[in-house]
Every structure is written in C-alpha cells, then in structure tokens.
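Subject: A structure for you to look at

Hi there,

Here is the structure I promised to pass on. Have a look at it first, and then read on for what I found.

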Amino acid sequence: MPIKTSSLPLVNLPPSPTGQCTQCYHQDISGICQSFDICKLSEEVTPTQHQLDRPLWVPIPSDSVISRSSSAVDLPKLLTTDIMIDHRAPVERLPAEIFDQIMPHLAITAPTNGYTTRNKDLASCLLVSRTFHYHTLATLYAHVTFPHSTIFSKFLSHIEKYPELGELVRRADFSGFTSVGLGRTMRMNFEIQNLTATTLRNCLNLTPKLREFLASESMGMDMDASVLQKLFCDLQYLQALDFCGLARKEFVDGMAKVLVPTNTALPEKLPIKRLGLHGCTTVYPSSISTLIPRLPFLTHLDLTHTLVTDAMLPMIPHTARLSHLSLSRCNRLKGSAVVDFLIEHPATQNLVCLNLLYETSRYRLLNIDNVDKLLPKLPSSLKSLNLSGAKIISEHVPELRRLAKHLEELSIGHAEVSVSDICTILEPGFTDEEGNKNPQKHSLHYLDLTGISSVNPTALLYTQNCNLLLPSSYPLHVIELSEKVVSGLKDRPVPGKKVGWKVKDQGRRGWYVRAEAGVHPGGEEAARKSLADDGGRPWKMGGKWWGSRKIGCAFGEISGIYGYYGFGN
C-alpha cells in the first residue's frame, strides 16, 4: 500500500525540474523508485545539474500513517542511507545571518592606493565551496570603492555582464577618487571616458538597492543633473549622500535644476538619513532650502562652509532626530538664530556631535551672550563639542567643567582663558543646578586649545602650575595646539619625554599625544590605558582618530579627500 502524503512533513524538498508540484516529484534513489501517489509524471524527467549539486533531502513520514506490505519500501533502511545526509561541512550549515556577521570582518573598509591587491581574503573565500561563494559575493559587492576611473570602468563592465551582482551593491565610495598619479592630464581623462555622467548614471541604474553614495570634488564635472535626478528621485533605498567638496559649475547647475519645487519627480519625503554638503561653497541657497524640508528621517547633517541661512534651519522637519550636526564656517548664519535653533527645535534635543567652529580672523558666530545662553542648554547626550572661535571667557569655565563630565571631545580654540582655567575644566566634581556637588571625574579624551594666547610650551611643561600633562589628567591623551606651540614642543624633546607626551602633526594641524609612562607616579597605568584605547567610538561612525571636523555619512575610517577635510584642513 502506498504511503499517505497528507501527514508527511516536507523538509527543504527541491522543486520539480519541470515545474510540477513538489508532491509529484519522483526521485531515483539507489534504484528504488519513490512516488508520492497524488498524480503521475507524464514522462521521465532528468534532473538538472543544479539540482544534482544541491544537498538531497527527502520527506520524513509520520509513524501513524505508514502501512507496510511485502512490496513496500523498507523505510527504516532507507532513512539510514548515506544519501540522506547533508555532506556539507558544519561551518557551511550555519544560518545565513551568521555568515553575514562573519564575512564583513574580512573586508577592507579603507580605500587602498588603487594599485595594490585588495580584499585577497574575501577573494580566496570565493574558491572554498559553493556555500562560501554565495555568502562571500554579498560582502564583496556590498561596499565598492573606486580610487580611479580604471577600477570604475572594470566594475561597470562586470555588472553590465552580470546584472544580478549590481543588486548586491550597498555603497558606492568615490571618497578616494583621483587621477593624480596616473600620469594623465584633465584632457586625457576627458578623452578616455571611463568615468562620465553617462557611465555614472548607467552604474546607478544597475545598482537599484544602493544605500550610500560618497562623492568627491574630483568628479565635479560628472555630477550633472541627470546623475542627481537619479540619486534624489529614483533610488528608493538611498540613506546616505555625501557631496564633500563638490563646487564645480556642472554640479551646482544640476542641483539647481533638480532641487526645485516644480520638479514633479522629486519626492515630498526622501529616505535620506545622512547628508553631507561639506565644502559645497557654491550650491545655491534655493537648492538647500528645497532639499532640507524633504528630509524627515535626517540624523546626520554637515553644512560646513555652505550658503545656508538663518531661515533654513527651522525648515528641518520636526520628525528628524539629529545626532550629528555641523554648521561650521557658514558666514550667513547669525549666532542668536543658531542658539535658538539648537535650544528650541525638536530635532536637536539629543545631539551627540556638534561642530560650530569658526575662524575668528574672518567671522565670529557666537558672542558672550550667545555662549551664556547656549552652554546651560546643551544636552547631556553630547560626546563631541567644537566651540572654537566662540567668545569664551573665564566666567564660562564652570559650565564647561560640567559638560566635561560627559564630553569626550571639547574644542575651545581662541578662548580668552588662562592655563589655570583650563586645568579647572578637568578637575573632578561640579555643582549642578540644584546646588548639589557631584564628585564625577571628567571624561575628556581630546582637548583643542589652538589659538589660546596663554598656552605655550613653557606653560604646558611646567607641571607645578599645569597638570594637563600629568597622569592625573587621564583619560585625556590628545591635545591639539597651534603650529607655533607644536614647533616649540618639538624643540623640547627631553621635557616632553619626562611627562610621556609626543608631537604628531598632519598638514596645518598638530597634536600632543600621551605615548609613554614618563617619570611621574601613575604614568605607566595612564600610558597603558591610552595605548589600549584605539579611539573607536560608535558615534564616530567607524573612525578612530580624535578631532575630526567633518561629519561622517558612512560607517568606516575617514580617508582620501574626506581625510583632508576632516583632519588636514
């Protein structure tokens, strides 16, 4: 008597080769024909190679529905045959979610120079087995980086040949894109036609599930209206856009053409959560004012050195929840409007990173009254605060001391304070609004003291009056200083070695870093803890350096031209 199939629990049964229902699927196992006696195949079916390669599973019958006769199949014997065993290695039988957690650790997030081999470990995993090949592809194509146009051209050709690979791409990273070092002039690049507005648009058409697009100033000619139309109007999964340094006419005109209320294709609500316009100095205010109200899910906003005005700040939707905000060097903003926005707007109540850096030689955003009003209202969620260029005086030290209990980065460049005032900021304890004394120690790891007249090599190294370099100041281990002060510390290596600090610099910026134990008690433990801390924090978006002046729009270490804007400028 045939086996009843109504109570048979099927386990991952492969589909019928000819498209019939699964219950009609016959399989020849060691010469024994099994039939799920619902209907019969009209003709013999030959399994495809793909089905032969898949692990074989058969239904496991329930004991209550098995009837046996002299001609019945010996199921106990069949269920113990090797043909039913999944012969894959144990690691290959892990759930897909586990592979998704493992494989990204093999990926290289920082862009290389474009010539050395990249992601060799991931490429090796492609050759292990079919299971590893499948799970590795998703990681290999998730984040694609283009250091120069030749890499982009090869990638575009590949996804044109295999369009399904384009659907795996989640990030297109041009942050390190350049033609420098290839021996080409701008005319040669124009003639080669590897990266143009047309090829870039074709790439975006083939990557419909793109979530992060990171551009750079080197591709300004290619970011025209057609590319911007695709980014803003067609990519429904896009969450991060970074146009760092783009100021070419083609880009500015494209923004003006796409970001207008009359563009019916422009959605009223964009899915973008992280937007970077750092250094987009020529983008019209009308383009920004059209874009900002359409960002209800915004969490990261970098408007450094743009033409944003006071009237645009309240346009940010109240549903936005900003954690990272930079309004640095926006010379059209007024201090009173910025302070009111930060205190009253619902989107700014849980800020983690706030950058209000201004160069006092050009423009000062915050005067004494603005600082008086702002400091007591800053949220306790803040981890990074840059007030360089603000009119900070000794009367603001108690509030700064309170903020230092939860801040990890504090910049007070060009403040009018003494070295004693600075040391007071790092002292443990403070008095809260209710008059209660809190013995909590400061949490600062980075302190920016550039442009402060009282800070000089002699004052810093004289530890009897200044404890900034002593072990008692831990966890502080990075102090940013002016070029003149850094130069003076380089000329005093012996006193610096005694306190265990060394000079590091990049471009026009310089830092004094805790690197050794020194001769003071407790120095060994402070140095050990400092060296053990790699600087990685969740709010840094994957970065590890201290003192970045650029808001990251994608998870990963800032590099390429982004590194210049973040640390070198």
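A helix axis here is a line fitted to C-alpha atoms over the stretch in contact, and the angle between two axes runs from 0 to 180 degrees between their N-to-C directions. Please keep in mind that this is a predicted model.

Let's start with helices H9 (residues 197–205) and H10 (residues 225–233). Their axes come within 9 Å and cross at roughly 15 degrees. Angles under 35 degrees count as roughly parallel, so H9 is roughly parallel to H10. The crossing of this pair is left-handed. On the H9 side, the contact is made by Ala 197, Leu 200, Arg 201, Leu 204 and Asn 205, while H10 brings Ser 226, Val 227, Lys 230 and Leu 231. Five of these residues are nonpolar, two are polar and two are charged.

H9 also packs with helix H6 (residues 149–161), at an angle of about 45 degrees and with the axes 10 Å apart. That makes H6 oblique to H9. Here, Phe 152, Phe 155, Leu 156 and Ile 159 of H6 meet Thr 199, Leu 200, Asn 202 and Cys 203 of H9. This contact has six nonpolar residues, two polar ones and no charged ones.

How confident is the predictor? The protein averages a pLDDT of 83, and 79% of the residues score at least 70. Over residues 1–47, though, the pLDDT is below 50, and it also stays under 50 over residues 49–73.

Happy exploring!

Note on methods: Residues numbered from 1 in each chain as written. Predicted model: local features only at pLDDT ≥ 70, side-chain atom pairs only at ≥ 80, totals over all residues. Heavy atoms only, no water. pLDDT = per-residue confidence, 0-100. Contact = heavy atoms within 4.5 Å. Helix = DSSP H or I, 4+ residues; strand = E, 2+ residues; numbered from the N terminus. Parallel < 35°, antiparallel > 145°, perpendicular 65-115°, else oblique. Left-handed = near helix turned anticlockwise from the far one by under 90°. Nonpolar A, V, L, I, M, F, W, Y, C, P; charged D, E, K, R; others polar.
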